[in-house]
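Take a first look at the fold below. Turn it slowly and try to follow the chain from end to end.

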Amino acid sequence: MTTQSNVSTSALQTYDVVVVGGGIAGLTVAYRIENNNVLLLEKEPVVGGRTLSVNMGPYVFNQGAQMIPGGETNVAKLADELGLELTLINKTKTSTYINDKFVIASSEFKYLLDLPIPLVEKIKMGLKILRIRSRYSDVVDKSPRSRDPKFLELDEKTLVDLLNIRDPDVKALWDSISKSSSTLRADQVASFQPVNTFLHHAADEFFVEGGTVEVTRALANQTAARVETGASVIRVASSDTGVAIQYEQNGTTHSVQARKCVMAVPAPVALSVLRDLPDAKRAALAQCEYGAMSSAAFLVDKPSEHFFGKGNWRVPVVGMTTIGIGDPTFTFSEDVKLQDGRGLIRLYAGDHGSRTLQQMSDDAALEVFENDLFHIFPAARGLVLERSLKHWPYAICPWRIGRLDAIDDIRSPHNNIHYCGDYTENSGLESAVLSALRVVSELSNGQ
Ligand SMILES: Cc1cc2nc3c(=O)[nH]c(=O)nc-3n(C[C@H](O)[C@H](O)[C@H](O)COP(=O)(O)OP(=O)(O)OC[C@H]3O[C@@H](n4cnc5c(N)ncnc54)[C@H](O)[C@@H]3O)c2cc1C
């Protein structure tokens, strides 16, 4: 007996543009493009990609992106335009959990003094931070350009080499920033990503009221495009008349035709569905290997400030599976927090730790996070009311040494197929939006 898959036999529908992937990049293209004949295909039952959020108590667990970078960023302007409410994350403390202790201070200077490293290392670290600020502040959130000397410097050296890091405790501190920005250690990743993240952390960051997913929800609601969810694209191939796209939805295989196709999925997914890729393009996309991340949230029977103290939003963690712990209730009003009496604590793990967690049952992975939580905050023991977990197999595309050489090939369109997504810039929401704006301009210039 042969099994037959259900194949849609309706006349082949033709669109001007088909967008593959309903994360912030794909949705921004669909929202910005001035065309009513656009189809967006998203594999999951809901759009959002790495912006998904869920409610826990009166609070929000941002399972992926927690904050949007402020200032003059494109993503902040987009959120404003969509009518979303942004709250400044008014962090007043710098902190790290290292050697089983919190180092928390109200200024960077005091923080440096309190770090458990030799005095000479404190001085060296202070000077290096000044140097990073003065030399690289103007490349934050900018589109990496292959001929820009500052990007070249950040592309050709690991963070360990750029900062000449020798002391193991200092290295462990920079590792925690590197892992949160790239999933790799400071001696594995090009300086570009951790330097960007370090400068970001000190700048304005915003919480999206209702959760980061509100940005992608608003884009999906306000686009003129037809949005199909639960539609997993399995094949994209150029044809004489444009691009042929095949997708599966509810057990049926559908085929559609497009004049142009926008791939707004992580690079490994693009590689797996695209046929007949030019060699240079295939090689460039193959460089974009992703690191994994896992995040967990615990609703606890005491306000989060009871554990974190005031002004402390995000704490890098050194030497555990958890690489960062934070307070998702930070921007909620005192009234809500006092009235509710509960708190929410978010932990996350990077590449190696996350891959190990992803092989366990959800309960076992949550136990690992919970043990880290109790180690960091013993007072949380017995207070956990609810827990939630999310794994991201494609969390971040780490910027490895020399990627700048491939960046033009990673971005370039070919045979009516265009590429967007955070990995075509750096990583993060601003990169995803930047990439979408580039693709919209490519499409409107008839490229
Ligand atoms: C844990 C975590 C924390 C983060 N924190 C921050 C933060 O605080 N601030 C920040 O700026 N950034 C943060 N980021 C990064 C940010 O979330 C991403 O850079 C951004 O969301 C990427 O958007 P994208 O549209 O490029 O990709 P994605 O959001 O990954 O969108 C791709 C979409 O394609 C879909 N798809 C995949 N395969 C198919 C297929 N075959 N057919 C159809 N659809 C498919 C996916 O389901 C997905 O919806 C974080 C990421 C993670 C994982």
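What follows goes from the whole chain to its domains, the ligand, the strands and a few single residues.

This is a predicted model, in which local features need pLDDT of at least 70, side-chain atom pairs count only at pLDDT 80 or more, and totals for chains, interfaces and linings use all residues. Residues are numbered from 1 along each chain as its sequence is written.

Begin with the overall build. The chain has 17 helices and 20 strands. Both are DSSP runs numbered from the N terminus: helices are H or I with at least four residues, strands are E with at least two. Along its principal axes, the C-alpha trace spans about 70 × 50 × 50 Å. Does the radius of gyration agree or disagree with that of a compact globule? It agrees: a compact globule of 447 residues would have a radius near 22 Å, and the chain has 22 Å. That radius is taken over C-alpha atoms, and the globule rule is 2.2 Å times the number of residues to the power 0.38.

Next, the packing. Of the 447 residues in the chain, 49% are buried. A residue is buried if 20 or more other C-beta atoms lie within 10 Å of its own, exposed if 12 or fewer, and partly exposed in between, with C-beta atoms placed from the backbone. Two residues are in contact if their C-beta atoms, placed from the backbone, lie within 7 Å. Among contacts with a separation of 6 or more, 71% join residues 24 or more positions apart.

Now the domains. The chain is divided into domain 1 (6-52 + 211-289 + 407-444), domain 2 (104-203) and domain 3 (291-396). These bounds come from an automatic or database domain assignment. The centres of domain 1 and domain 3, taken over C-alpha atoms, are separated by 32 Å.

Which domains each give at least three residues to the shell around the ligand? Domain 1 and domain 3 do. In total, 39 residues surround the ligand, and the closest are Gly21, Gly23, Ala25, Gly49 and Arg50. A residue counts as near a molecule or strand if its C-beta atom, placed from the backbone, lies within 6 Å of it. Several elements each supply at least two residues of this shell, including α1 (24-32), β12 (232-239), β15 (291-300) and α17 (429-444). β6 (68-69) is another of these. By type, the shell divides into 20 nonpolar, 13 polar and six charged residues. Here Ala, Val, Leu, Ile, Met, Phe, Trp, Tyr, Cys and Pro count as nonpolar, Asp, Glu, Lys and Arg as charged, and the others, Gly among them, as polar.

β6 leads on to a sheet. This open sheet has three strands in the order β6-β10-β7, with antiparallel pairing. β6 and β7 (86-88) stand at the edges with a single partner strand each, so one side of each is left without a neighbour in the sheet. Two strands pair if DSSP finds at least two bridges between them. β6 and β10 (residues 205-208) run antiparallel and are joined by two bridges. Pro69 stands opposite Glu205 in β10.

Another pair makes a hairpin. β8 (residues 94-98) and β9 (residues 101-105) run antiparallel, joined by five bridges. Ile98 stands opposite Lys101 in β9. Two residues lie between the strands, and Asn99 in the turn has a positive phi of about 50 degrees.

Two other asparagines have a positive phi. Asn250 lies in the loop between β13 (242-249) and β14 (252-263), and its phi is near 50 degrees. Asn250 counts as exposed because it has 8 C-beta neighbours inside 10 Å. Asn416 lies in the loop between α16 and β20 (417-419), with a phi near 70 degrees. Asn416 has 18 C-beta neighbours inside 10 Å, so it counts as partly exposed.

Finish with two arginines. Arg400 sits in the loop between β19 and α16 (407-411). Arg400 is partly exposed, with 19 other C-beta atoms within 10 Å. Not counting residues up to four places away in sequence, Arg400 touches Val189 and Ala190. Phe192 is 208 residues from Arg400 in sequence, yet their C-alpha atoms are 9.0 Å apart. Leaving out residues up to four places away in sequence, Arg411 touches Tyr419 and Thr424.
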